[in-house]
Amino acid sequence: MKNRSLLFYLLIALLASLLAARLFRRASGPEGRDAARFGKAGEEQYRLGEVLVDLESGEAVFPAEVRANADEVRFLANLRGYLWLDEESALVSPARLLDLQQALALLDWEFWEEYRLSLLEGRPVPDGGFTLRLSWEENGEIRDEAVGWSGRENPAELIFLGSPYFDEFVLGASPADCRACPLFPLEKEAIDRLQSRSGLASSFTVPEGALPPPGTAVTVTILGR
Amino acid sequence: MLLLAVGAGAAAVLIFSSFRPAARPGRVTGLTGATPEAGAEGAREAMYYDKLEDGLVQCRLCFRECAIPEGRSGYCRVRKNEDGRLVSLVYGAPSAVHIDPVEKEPQHHFLPGTDILCLGTVGCNFKCRHCHNWHLSQSSPGDLRVYDLPPGKVVELARERGVPTISFTYNDPIVFYEYVYDIARLAREKGVRILWHSNGAINPAPLRELLKYTDAVTIDLKGFSERAYRNSDAELKPVLRTLKIIREEGVWLEIVNLVIPTINDDPDEIRRMSRWIVENLGPDVPLHFSRFFPNYRLTHLAPTPVSTLEKAYRIAREEGVRYVTLGNLPGHEKNSTFCSGCGERIIHRVHFQVLANHIEAGGCNFCGHKIAGVWE
């Protein structure tokens, strides 16, 4: 009799644990996960993956890491998307380029519109009034620097913001997703040509001391008008 | 004790599966059972066709009703007469498999913020000169690599990935009807929803049959004149018939209109289209105006001016369409949905991303106004 009661209580406990497990599973479904990565993060703040947008201050902020602090590079920063450009950038970011694009569109859709059209029409890309700041920890203190190296200030030139021709394939927005494919030389060349800079030079040398040593975590802020 | 051991084992399995980190939606390539394979088996006898004399068969699936001689395929290139039988050449053999946001279809009133498992094959019953997926729609079986994904595996994949809806998109699902139909029936049994994005030029009988297992449909209304449809080598009338049937059958419907300069951007045409939608389908069917970018055979045209899209928005609202949005224009205010009662922004979107959703139990959070759609 005693054994049967024990068995009964054990079965009740088992049923309770099963119920709890199912409830937990529902609570941790895809909606909860998405809500954490994308959506409202404050009164006027939105999170787009790793990119935080503040509409009140007009900022988009994302994390990056220093890859090279003295080399000649084509871009100040490259985000997750056009992977081969990592090797040609001073900073690399784990944030998705797709999310930064949406962040900029959220901050100023007219700038984003003009940026895309300028690439389609082969004009120099606009700056939209945006400026760039970098911050990192140095000797226990936060160092915060505006980027303006030898007249290079335009975030749309310093950060590769994508291509209307290739984003669909490279960023996985198209069914012909090519994120895992090597791009053919012709396509690569076309992308290179797209980024028409006002200063004509295709690359620049990072000024000495302008960036901390490789491996340092840096916060990149794109500041609007 | 045996019962106890079995029970404890079951609980352990369930708890383990519950605590397993949720898979991040992304590319499906490389998943077991979803590996692209050249020339996967795709032939299966088609539904909706008649056998005629001299080995001819007549397809009854779409408005074209192709009469197909032996050994030849129909207009869509994926339905072939093999020894007097019409067969589908793409059954279980999609060329594109992706997980996308539902907003991309576009579907803005159907489970916003959730993901969809998208499938497309080669072939199409239209030849749109602006087609953005021409590499799929204008290809033939054998041109592209395909995935070996029978219906059971598709439903399993959706469940495994925690994706609530399977969507048939990219090329037109009409042309791979049998595959869609079998997946839809199975999905219904397993509690997975079905959505398809189509040009709508399907015949009434197959349409009504498929709608029994469909939860939502997006129809591409490519204009509101036969002239506009000539750009797609197609006809408007069958599409309008389809729109009415979808509403009659009570399946959730949203309409997308790609506004192409000089092809279908006449304000009068947009006004007539909006009026027809309100009069025949009701004011609650969402209408999305999408921006054209040069593509395929229309690379000589410029992207649709923003002012044209904003004008289309105003016209549709003036004609009484309650929910109008602008697409392919990231960050524009009209990416979002506004309450038809109080005018507040109820779903805040940037491009395909939902940033805030102020709909609860089908009603606006600000004023309580009922918002048509499928919300849970």
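The exercises below, each with a worked solution, concern a predicted model.

**Exercise 1.** Work out where E103(B) lies in chain B, and decide how its charge is placed relative to side chains of opposite charge.

*Solution.* Next, take its surroundings, where, once neighbours within four places in sequence are set aside, E103(B) touches H108(B), P112(B), G113(B), T114(B), R349(B), F352(B) and V354(B). Finally, turn to the charge: E103(B) is buried, and the nearest side chain of opposite charge, that of R349(B), is 4.6 Å away. A salt bridge requires a distance within 4 Å, so E103(B) has none.

**Exercise 2.** Check whether the length of helix α7 (residues 237–248) of chain B agrees with its number of residues, and then describe what covers its buried residues.

*Solution.* The helix has twelve residues, which at 1.5 Å a residue should span 16 Å, and because its end C-alpha atoms are 17 Å apart, the two values agree. The buried residues of α7(B) are P238(B), V239(B), L240(B), T242(B), L243(B), I245(B) and I246(B). Among the elements that cover them are α5 (204–211), β13 (216–220), α6 (226–230), β14 (252–259) and α8 (267–281) of chain B. After α7(B) comes G250(B), which has a positive phi near 75°.

Terms used
Residues are numbered from 1 along each chain as its sequence is written. Chains are lettered from A and ligands numbered from 1 in the order in which they are written. This is a predicted model: local features need pLDDT of at least 70, side-chain atom pairs count only at pLDDT 80 or more; totals for chains, interfaces and linings use all residues. Side-chain values use heavy atoms; hydrogens and water are left out. Helices (H or I, at least four residues) and strands (E, at least two) are DSSP runs, numbered from the N terminus. Buried means under 20% relative accessible area, exposed over 50%, partly exposed in between (1.4 Å probe, protein chains only). Lys and Arg count as positive and Asp and Glu as negative; His and the chain ends are not counted. Contact means heavy atoms within 4.5 Å. The expected span of a helix is 1.5 Å times one less than its number of residues.
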